[in-house]
Amino acid sequence: MTHLPLVPPPFSIDEYHSRLAALRNVMADRRVDLLIIDQSEHRAYFSGFWSTAAMYQALLVPLHQEPVAVIRSIDAPSFSELSRFSDCVCFSDSEDPIQVVADTIKSRGFGATVIGIERDSHFLTINRAAELETLLPTAKFIDFSKVMWEMRLIKSPLEIACLKVAAEICDRAAAAAFNVAHAGVNEREVFTAMTSEAWGCGADNAQVAVLSCGPTTSFHASFNGRVLEEGDIVFVEPVPHFRGYTARLMRPKVVGKPTDQQMLTAETMIRVQDEQFHLMRPGANARDVDRVMREGALAAGLRDSYTGITGYTLGLKCPPRTSDFTRVFLPNSDWQLQENQVFHMYTSALGLPFSETIVVTPDGGKRLTEMERKLFC
């Protein structure tokens with residue numbers, strides 16, 4: 001049996017109360033009486049309850065009362081098990097969830113108050129927002145965009161503990177993939193080894209990895225059953241979630257003997273990226289951190305151009321968006337790093353990708369993923 005990573009304790013009710021207190025401070029500053037939370041990560045962050053996006057669901061957070069969830073009846077047992085709060089209104093699949101949300105708001109006395117909504121939510125579509133405003137004609141709606149995304153940037157010690165578990169799953173999954181990635185092996189066997197290891201180690205999401213194989217590789221390619229050949233590059237990117245928190249890791253393996261150019265490229269990328277990590281201290285400018293990798297790669301001749309980002313936010317994550325770009329590293333990124341922010345820092349050249357899950361500390365970026373940084377073969 002796989003030896004599972006040591007897991008941290010569950011989040012306490014005190015942590016959820018602390019999160020809500022911080023949220024209500026912003027609500028009070030903006031004179032918001034009730035906040036409608038429908039982005040899945042935010043509902044989970046403030047209540048502990050996850051649900052699918054098959055139908056609209058919401059968490060209603062009053063300024064001075066306990067939150068109330070509006071959920072599908074089919075999800076009631078999961079809500080009872082996972083949520084840190086007990087008040088909920090259930091609707092059947094034949095009902096209009098927006099209508100139920102509006103009716104709940106009116107029945108709780110907030111129909112003519114100031115209501116905050118997430119206009120940057122992936123779940124509050126234009127039609128849904130318009131329906132809410134029609135059903136609540138005496139309410140005043142205030143845009144609450146960006147607030148909760150940014151509130152979640154700095155991780156608590158327990159959140160970092162969850163990310164450490166996810167990072168360990170990354171290390172184990174990548175190692176399992178490389179153990180079977182040899183000439184004559186179907187790439188599906190590599191993927192099976194990687195995903196099986198991730199699930200066996202405690203990953204709680206369905207899509208736990210990315211795989212690309214062949215003479216060159218791609219970040220977002222889909223595999224089709226290629227049988228590995230000498231000289232192929234095997235690119236693995238485990239993306240496991242643990243309690244909803246995701247870590248990420250990219251590593252390449254050459255089937256057979258790497259070329260001198262591949263070895264030099266990998267060594268140069270690792271060296272430049274390590275310099276980038278060293279700069280990731282509280283107060284550092286994001287554009288300066290980005291510059292180390294971007295200009296270093298170009299100066300070393302690893303790329304002809306460098307147009308992509310060099311890192312982005314990690315934390316709670318769920319579909320439909322697979323990556324969180326609340327903070328990204330670009331030449332024009334005008335923000336400063338803060339202690340206990342966590343990022344996926346990545347780069348690639350010649351089809352050889354390298355990345356780590358990094359937490360910002362006073363001593364620089366610390367790797368949560370610990371797999372050896374080298375070109376495997």
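Predicted model: local features only at pLDDT ≥ 70, side-chain atom pairs only at ≥ 80, totals over all residues.
How many nonpolar, polar and charged residues does the lining of the largest pocket have? The answer is in point 1, and the rest of the note works through the other spots I'd look at on screen.

1. By class, its lining has 21 nonpolar, 11 polar and 9 charged residues. The volume of this largest pocket is about 1,100 Å³. Its lining takes in 41 residues, and if you want to find the centre, go to His241, Gly244, Lys317, Cys318 and Pro319, which lie nearest to it.

2. Helix 1, helix 2 and helix 3 (76–82) each put at least two residues into the lining of the largest pocket. Helix 2 gives the most, with 3 residues.

3. The second largest pocket holds about 210 Å³ of space. It has 17 lining residues, and Thr217, Ser218, Phe219, Arg303 and Ser348 are the closest to its centre. Strand 14 (342–349) and strand 15 (352–361) each supply at least two residues of this lining. The top contributor is strand 14, with 4 residues. By class, the lining of the second largest pocket splits into 9 nonpolar, 7 polar and 1 charged.

4. Now for the closed spaces. The structure holds 2 cavities of 30 Å³ or more. The largest cavity comes in at about 50 Å³. Around it you'll find Asp38, Ser40, Arg43, Ser51, Thr52, Ala53, Met55, Tyr56, Gln57 and Phe123. Sorted by class, that lining has 4 nonpolar, 4 polar and 2 charged residues.

5. The second largest cavity has a volume of about 40 Å³. Its lining consists of Arg43, Ser47, Phe49, Gln57, Ala58, Leu59, Ala69, Val70, Ile71 and Phe79. Helix 2 (40–47), strand 2 (58–62) and strand 3 (68–72) are the elements that give two or more residues to this lining. Strand 3 has the largest share, 3 residues. The class count for the second largest cavity is 7 nonpolar, 2 polar and 1 charged.

6. Helix 1 deserves a look of its own. It covers residues 13–29, which makes 17 residues, and it reaches 24 Å from its first C-alpha to its last, close to the 24 Å expected at 1.5 Å a residue. Its buried residues are Glu15, Tyr16, Arg19, Leu20, Leu23, Arg24 and Met27. The cover over these buried residues includes strand 1 (34–37), helix 2, strand 2, helix 6 (147–151), helix 7 (157–180) and strand 10 (245–246).

7. Then the aromatics. The count comes to 10 aromatic pairs. One of them joins tyrosine 45 and phenylalanine 46, with ring centres 4.9 Å apart and planes at 90°, so the pair is edge-to-face. Are these two residues buried or exposed? Tyrosine 45 is buried, with a relative accessible area of 7%, and phenylalanine 46 is buried too, at 0%. Elsewhere, ring pairs tie Phe11, Tyr16 and Tyr245 into a cluster. Tyr16 has come up already, as one of the buried residues of helix 1.

8. You'll find arginine 31 in the loop between helix 1 and strand 1. With a relative accessible area of 69%, arginine 31 is exposed, because the cut-off for exposed is over 50%.

9. Lysine 146 is another one to check. It also has a positive phi, about 75°, although it is not a glycine. Lysine 146 sits in the loop between strand 6 (140–143) and helix 6. At 57% relative accessibility, lysine 146 counts as exposed.

Technical notes: Residues numbered from 1 in each chain as written. Heavy atoms only, no water. 1 Å grid on protein atoms, 1.4 Å probe; cavity = no way out; pocket = protein on both sides within 12 Å on 5 of 7 lines; lining within 4 Å. Points joined across faces, edges and corners; volume = space filled by probe spheres on them. Nonpolar A, V, L, I, M, F, W, Y, C, P; charged D, E, K, R; others polar. Expected span 1.5 Å × (residues − 1). Buried < 20%, exposed > 50% of the residue type's maximum accessible area, 1.4 Å probe, protein only. Contact = heavy atoms within 4.5 Å. Phe/Tyr/Trp six-rings, centres within 6.5 Å; stacked < 30°, edge-to-face > 60°.
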